[in-house]
Amino acid sequence: MDTAQQLPGLERVLAICQAHGISVDRLPPGGKAPQAGALFMGQPFDPLLAAAFARFGRLMLSPSHSLLIRCDDEVDGLVTENADSRKYWPERFQRLIVFGRDMRYAYATVPELASDEGLQPVVWIDPYEEIYALPIASDVNRFFETYSRYLEAVADEPDFKTRQVPSVAFPWDVPEFLSADAALCTMISTGKFDPWMYQENDASAEGTRQWVAKVQDLRRGP
Amino acid sequence: MRMNPGWRALTWGLVALLLVNGCATVPLEGTGGSGRWVEQRGPRPGSSEWGDLEEARRAEVESALAGMWGVASEVREVGAALEFTFWVEGGAFTLLSLRRPEWGHEPGSVLSRESFADELGELLSTYAGEAAGAMRLTLRREERRWRADFQVETGAEFPLEAKTWPVRQAGVRAEVLERLVATGREVARRVWVPAGAQVRWQVEVELEDERVRGLETHPPGALPGGKAVKAAPETVGTWVNVLAPFTYGLGPRKVRMEWEGTHIAGTGLSRWRIVAAEVVRPPPPAPENAEVALEYRAMHEQIQRQWREQTRETFQYAGLWSAEQVAVFMVAGWAARGVTLGLEAASPMIYRMLARGGTFAVGWFRSLLVRAAPAEKQVLSRLMAKVETQGLEALTATERAELQSLFGRMEGLTTAPLERGAKDRLRRDAQTRFYEEFHPKLSSLLRESNGHAYDIHHCIPLELAHKFPLRDINSAENLAAAAKPVHEGVGRVWARLRKMSDEPDARVVEEVERLVRRHFGRWFNRAYDYAGNSDEALAAAERAALEELEVLLRSR
């Protein structure tokens with residue numbers, strides 16, 4: 001199966017970027033990215049992520065934002081990025097595999113929540129203050145799909161075009177895009193992501209709960 | 001040529017519009033530097049934008065011709081001269097002044113507007129594509145024609161009321177014309193001539209964009225005695241024809257006119273002729289506000305152009321505003337109009353910033369807008385478009401109340417902790433501002449091995465920004481690029497402060513900020529040496545900073 005068939009969401013990101021004049025900095029793949037299911041720093045590597053890195057050695061939307069961090073024959077950003085997360089983040093966040101970054105925010109798969117087919121869900125990590133994560137997709141293809149919908153919504157805004165400042169923040173302000181992912185909503189409602197979403201003595205936990213409620217309400221519909 | 005319903009040609013009794021072939025020169029690629037509207041690129045030949053531009057240029061020539069014909073059509077005296085000075089730029093004509101230096105003698109033949117257009121149309125079209133500058137067009141009346149001569153002054157200073165981009169609509173808006181006529185009637189009611197005499201009056205009309213906002217009439221210093229002879233009714237048309245072409249300019253200004261009235265022998269009425277008319281500009285902005293004022297001027301021209309090309313009913317501002325533009329509008333546009341809206345009491349912080357003006361105020365408002373909910377910005381943009389096109393007086397009581405309540409909410413934001421979405425937007429804004437505005441040279445230098453730009457650190461952290469409502473949290477002073485290890489180290493120092501049971505006050509926050517700068521500042525805005533022994537030095541700096549912080553917190 002080729003990448004386009006495996007990752008239609010990724011194709012959609014590229015199509016949206018092209019349609020709206022968003023430049024995408026892409027590099028050809030190298031040979032360093034892990035294969036599907038191979039162990040990466042002790043964790044199984046997601047097969048769809050492996051397919052994405054087999055297609056691109058880097059996919060950047062701006063100098064501060066990579067959907068796929070650089071991983072080619074010259075630079076193994078996957079290793080350095082995940083070495084950093086092990087160095088700086090609490091233990092439970094060290095079990096995630098970071099594959100993209102947006103400023104200091106990170107996109108990561110969650111190996112321990114892989115489906116029966118081995119597909120890992122994706123979380124968005126905010127390490128700026130007290131670190132926490134929000135679940136954003138039930139698998140890597142779905143992540144690209146959801147992100148393409150977000151990009152489509154903000155691409156023509158003047159502040160996004162000129163300064164990369166969208167009017168709505170991903171994923172905080174766009175629960176409607178996430179609620180379309182039924183498998184994700186099920187995983188959220190069963191508390192699978194709780195260890196990364198809620199911290200001890202977390203002052204912002206209430207905000208997170210409200211956001212989760214919004215996602216679930218939108219899923220259920222009016 | 002488009003002529004929207006609700007428009008009338010500039011034909012007060014005399015003038016009709018003319019179709020003239022426009023020239024097809026390459027449009028100017030942004031004139032820049034003078035506060036003119038700068039388009040990134042001109043449209044390509046054959047594109048719809050190119051067609052629009054050509055149409056706009058034809059409309060400009062047509063408007064200029066109609067404006068001149070409105071004055072010239074009343075002059076039949078052979079030997080008379082009329083002098084029109086236009087600012088011509090990018091195909092747009094803006095009338096700056098007109099004079100009648102020669103009165104002439106015996107009346108010549110009646111001339112048609114077609115012959116007038118034949119004489120001048122090609123000249124104007126050709127000149128429309130030339131370099132920007134002042135063009136003085138002298139028309140001399142001969143027996144059967146007007147002979148035209150022109151002089152160009154390319155070194156002239158750019159007049160702020162001048163258009164820099166052609167407007168695709170000829171003529172005067174119906175409601176503008178109505179107001180001009182009402183003004184003409186008022187002038188006719190006020191001026192008079194002593195019986196048997198000839199006198200000159202000065203008339204000043206205050207304009208904002210195309211709208212008449214005020215009228216002053218000044219009699220001559222000494223009026224000879226005698227019965228007052230009022231202006232003949234047809235004089236109203238003469239006033240309007242002189243004033244109408246000045247309404248194509250932009251912004252606040254006055255048109256100062258000198259009129260000569262003569263008692264028409266054997267009647268109880270007087271006849272009036274224009275001697276001279278010129279634009280009087282408001283004083284230039286203070287130097288510290290000049291940059292913002294020019295930016296505002298360019299933005300104002302853009303929205304005025306769209307307004308003039310549409311009817312009131314169809315007008316919808318096609319462009320959306322960026323936070324930067326809204327901020328410029330608020331600081332320069334409203335301050336220029338002296339807008340207070342009772343903000344002083346209800347929104348003192350916003351009021352202070354409006355009063356302060358300049359680039360700092362723009363930055364402050366921009367950061368405030370970035371943190372405001374998108375819906376708030378949309379409301380502001382909508383009201384702003386209305387004020388920009390129809391004046392502040394056009395806001396209804398409901399809209400004024402809406403604006404005041406919006407400012408009230410924005411004022412509240414300045415002292416409220418930031419929400420997550422707002423923090424996200426401010427971080428992105430900081431990243432762009434730092435690398436594109438403040439330190440463009442650092443953009444390619446401060447990169448991690450994977451190509452990522454160093455993240456931007458807020459020296460006063462976003463989570464404590466509400467302690468400093470009058471600071472611009474995304475100002476150059478508050479932003480520093482920091483490699484990941486540096487940012488992590490700094491983050492741990494601030495995390496310690498976060499663990500305090502009560503929130504620190506502004507004084508403590510400032511002390512911690514200074515402490516952090518002291519210990520980590522040498523790594524700010526610099527490439528981090530991953531290969532050397534920076535990690536050790538960084539770890540030592542972090543330990544020292546944390547120790548100092550403990551002392552500081554114990555001493556509270």
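The structure is a predicted model, in which local features need pLDDT of at least 70, side-chain atom pairs count only at pLDDT 80 or more, and totals for chains, interfaces and linings use all residues. Residues are numbered from 1 along each chain as its sequence is written, while chains are lettered from A and ligands numbered from 1 in the order in which they are written.

Chain A contains an open sheet of 7 strands, arranged in the order 1-4-5-6-7-8-9 with antiparallel pairing, where two strands are said to pair if DSSP finds at least two bridges between them. The edges of this sheet are strand 1 (25-27) and strand 9 (132-137) of chain A, each of which pairs on one side only. From one strand to the next the twist averages 25°, an angle taken between N-to-C directions on a scale from 0 to 180 degrees, with axes that are lines fitted to C-alpha atoms, for helices over the stretch in contact. Strand 8 (residues 122-126) of chain A runs antiparallel to strand 9 of chain A and is joined to it by 5 bridges, and A:Val123 stands opposite A:Pro135 of strand 9 of chain A. In general, strands of a sheet pair through backbone hydrogen bonds, either parallel or antiparallel.

Chain B holds 15 helices and 14 strands. Of its 556 residues, 41% are buried, a residue being buried if 20 or more other C-beta atoms lie within 10 Å of its own, exposed if 12 or fewer, and partly exposed in between, with C-beta atoms placed from the backbone. Among the contacts in chain B between residues at least 6 apart in sequence, 78% join residues at least 24 apart, a contact requiring that the C-beta atoms of two residues, placed from the backbone, lie within 7 Å. Strand 13 (residues 455-458) and strand 14 of chain B pair in the antiparallel sense over 4 bridges, with B:Ile456 opposite B:Ala481.

Helix 15 (residues 534-554) of chain B has 21 residues and reaches 30 Å from its first C-alpha to its last, close to the 30 Å expected at 1.5 Å a residue, where the expected span is 1.5 Å times one less than the number of residues. Its buried residues are B:Leu538, B:Ala541, B:Ala545 and B:Leu549. Seen down the axis of helix 15 of chain B, these buried residues fall within an arc of 70°, and they therefore line one face of the helix; the arc is that of the directions from the helix axis to the C-beta atoms. The buried residues of helix 15 of chain B pack against helix 13 (484-498) and helix 14 (506-520) of chain B, whereas the residues exposed on the other side include B:Glu536, B:Arg543, B:Glu547 and B:Arg554.

Between the chains, 25 residues of chain B are in contact with 29 residues of chain A. The elements giving two or more residues to the side of chain B that touches chain A are helix 12 (420-438) and helix 13 of chain B, and helix 12 of chain B gives the most, with 9 residues.

Several loop residues complete the description. Most residues other than glycine have a negative phi, and most peptide bonds are trans. A:Met41, in the loop between strand 2 (39-40) and strand 3 (43-44) of chain A, has a positive phi near 50° and is partly exposed, with 16 other C-beta atoms within 10 Å. B:Asn525, in the loop between helix 14 and helix 15 of chain B, has a positive phi near 60° and is partly exposed, with 18 other C-beta atoms within 10 Å. The peptide bond from A:Phe170 to A:Pro171 is cis, with omega near 0°.
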